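Please keep the sequence and the 3D view open while reading.

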Amino acid sequence: MKCFYHPQIDAVGLCKHCQRGLCPACASERDGGLACHDRHESQVDQVTALIRRNVQVGVKSRSVSLIAFAIFVVALIVLIDLALNEENRNVRTMLYMLAAFSFVAVLGQVPILRSMITRKKNREGVR
């Protein structure tokens with residue numbers, strides 16, 4: 001592959017923004033990859049910053065998923081217990097419906113928790 005700006009020179013890599021081949025003179029090495037010198041450096045830096053923020057948000061959301069799972073499990077148990085001890089038939093039906101909602105919410109958290117456990121095992125296996 002040849003440099004986009006100097007077709008007679010071999011490219012050493014691609015600009016992370018425009019995907020054009022770059023020679024050593026045209027390439028600007030950035031934290032997140034190569035960029036066209038004096039053309040796409042800020043865009044590559046912005047993409048790199050965005051990726052870092054997304055990774056940080058993903059790490060923070062794991063604890064939120066565990067908390068949500070625990071809350072819905074507790075709610076499910078409490079609602080079933082209240083429904084079993086309720087005399088009024090309409091209130092009992094309402095409590096069972098709320099328990100069913102909590103059960104669906106718990107089931108919705110299972111794939112998230114499973115992927116978290118799988119990722120953790122994969123990271124431990126890599127080390």
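## Basis and confidence

The model is predicted: local features need a pLDDT of at least 70, side-chain atom pairs count only at pLDDT 80 or more, and totals for chains, interfaces and linings use all residues. Residues are numbered from 1 along each chain as its sequence is written, and side-chain values use heavy atoms, with hydrogens and water left out.

The mean pLDDT (the predictor's confidence in each residue, from 0 to 100) is 86 for the protein, and 88% of the residues score at least 70.

## Fold and surface

Two helices and four strands make up the elements of the protein. Here helices (H or I, at least four residues) and strands (E, at least two) are DSSP runs, numbered from the N terminus. In sequence order the pattern is β-β-β-β-α-α.

Of the 127 residues, 22% are buried. Buried means under 20% relative accessible area, exposed means over 50%, and partly exposed lies in between (1.4 Å probe, protein chains only). The accessible surface comes to about 9,200 Å², with 62% of it belonging to carbon and sulfur atoms. Accessible areas come from the Shrake-Rupley method with a 1.4 Å probe; for residues, only the protein chains shown count as cover.

Contact means heavy atoms within 4.5 Å. Among contacts between residues at least 6 apart in sequence, 25% join residues at least 24 apart.

## Nonpolar cores

Which residues form the largest nonpolar core? There are eight: Cys-3, Cys-15, Leu-22, Cys-23, Cys-26, Ala-27, Leu-34 and Cys-36. A nonpolar core is a set of buried Ala, Val, Leu, Ile, Met, Phe, Trp, Tyr and Cys residues joined through side-chain atoms within 4.5 Å. Leaving aside neighbours within four places in sequence, Cys-36 is in contact with Tyr-5, Cys-15, Cys-18, Leu-22, Cys-26 and Glu-41. A second, separate core has five residues, among them Leu-76, Leu-79, Ala-83 and Leu-95.

Gln-109 lies in helix H2. Gln-109 counts as buried because its relative accessibility is 14%. Beyond its neighbours within four places in sequence, Gln-109 is in contact with Ser-65, Ala-68 and Phe-69.

## Aromatic rings and charges

The structure holds two aromatic pairs. Rings of Phe, Tyr and Trp (its six-membered ring) pair if their centres lie within 6.5 Å; planes under 30 degrees apart count as stacked, over 60 as edge-to-face and the rest as tilted.

Phe-4 and Tyr-5 form an edge-to-face pair, 5.0 Å centre to centre with 90° between the planes. Phe-4 is partly exposed, at 48% relative accessible area, and Tyr-5 is also partly exposed, at 22%.

In the other pair, the rings of Phe-72 and Phe-101 have their centres 6.5 Å apart and their planes at 80°, so this pair is edge-to-face. Phe-72 belongs to helix H1 (residues 41-85) and Phe-101 to helix H2; the pair links distant parts of the chain, 29 residues apart. Phe-72 is partly exposed, with a relative accessible area of 25%, while Phe-101 counts as exposed, at 55%.

A charge sits over a ring if NZ of Lys or CZ of Arg is within 6 Å of the ring centre and within 35 degrees of the ring normal.

| Charged residue | Ring | Distance from ring centre |
|---|---|---|
| Arg-20 | Phe-4 | 4.2 Å |
| Arg-39 | Tyr-5 | 4.0 Å |

Arg-39 is placed in the loop between strand S4 (33-36) and H1. Arg-39 is partly exposed, at 45% relative accessibility. From Arg-39 to Cys-26 the separation is 13 residues in sequence and 9.6 Å in space, C-alpha to C-alpha.

## Positive phi angles

Asp-38 lies in the loop between S4 and H1. Phi of Asp-38 is near 60°, a positive value in a residue other than glycine, and Asp-38 is exposed, with a relative accessible area of 62%.

Gln-19 has phi near 65°, again a positive value in a residue other than glycine. The loop between strand S1 (13-14) and S2 holds Gln-19, which is partly exposed at 49% relative accessible area.
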